[in-house]
Amino acid sequence: MSLMAEARAVSIAVRARVEEIGPLWLLLLAPALVLGFGTLAEEVSEGDTTDFDRYVLLLFHVPHDPSRPIGPAWLQEAARDVTSFGSVSWLGFIFLAVVGFLWLSRKRDACLLMLAAVGGGQLISTLLKIWFERPRPDLIPNAPQVFTASFPSGHAMLSAVTYLTLGALLTHRLRLIKQPGNSQGGRSW
């Protein structure tokens with residue numbers, strides 16, 4: 001047996017084993033993540049993270065002049081551009097484009113999954129923001145205006161939900177394409 005054939009056989013065996021124990025890891029990971037969020041939420045509610053938040057926020061600004069961020073202008077522009085990938089406008093555009101494409105492609109199941117995931121993420125984010133009512137720090141003069149509470153981060157939460165759901169849909173679709181003998185007809189995503 002050649003080295004490539006052995007490597008391929010090992011790869012297939014490892015992949016089968018991962019698929020076998022994957023759901024078990026998810027059952028262990030989900031409660032750990034919920035517990036981690038609960039612990040962080042408790043610390044935020046008690047105000048124990050305020051000093052850390054203040055330190056990190058001011059770390060990226062000139063000492064004694066928080067209106068001026070540190071670094072060259074191109075770095076500030078790059079940071080703003082990267083941050084925009086989590087903005088409501090951009091995520092809304094991606095969401096509508098994906099849902100529209102899936103609907104027009106008659107991939108109704110995938111369309112409903114995207115609607116449920118992003119809609120559910122938005123609902124959970126909004127309810128948690130209402131629950132915690134944590135005000136945004138006003139340390140930085142001329143900071144961008146944001147109209148929601150600061151915890152949990154809707155920016156991070158909705159980015160994760162949108163991009164991970166899209167990634168899961170693409171991964172599922174690529175698996176279907178790679179299956180031997182798949183005509184790619186029917187109701188597959």
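Trainee: What is the relative accessible area of Trp90?
Mentor: This is a predicted model, where local features need pLDDT of at least 70, side-chain atom pairs count only at pLDDT 80 or more, and totals for chains, interfaces and linings use all residues. Residues are numbered from 1 along each chain as its sequence is written, and side-chain values use heavy atoms, leaving out hydrogens and water. Buried means under 20% relative accessible area, exposed over 50%, and partly exposed in between (1.4 Å probe, protein chains only). Trp90 counts as partly exposed because its value is 31%.

Trainee: How many aromatic pairs does the structure hold?
Mentor: Rings of Phe, Tyr and Trp (its six-membered ring) pair if their centres lie within 6.5 Å; planes under 30 degrees apart are stacked, over 60 edge-to-face, and the rest tilted. The number of such pairs in the structure is four.

Trainee: Which residue forms an edge-to-face pair with Trp90?
Mentor: The two ring centres are 5.8 Å apart, with 75 degrees between the planes. The partner of Trp90 is Phe85.

Trainee: Why is the pair of Phe132 and Phe151 edge-to-face?
Mentor: The ring centres of Phe132 and Phe151 are 5.0 Å apart. The pair is edge-to-face because the planes lie at 75 degrees.

Trainee: Which residue joins Phe132 and Phe151 in a cluster?
Mentor: Ring pairs link three residues into this cluster, including Phe132 and Phe151.
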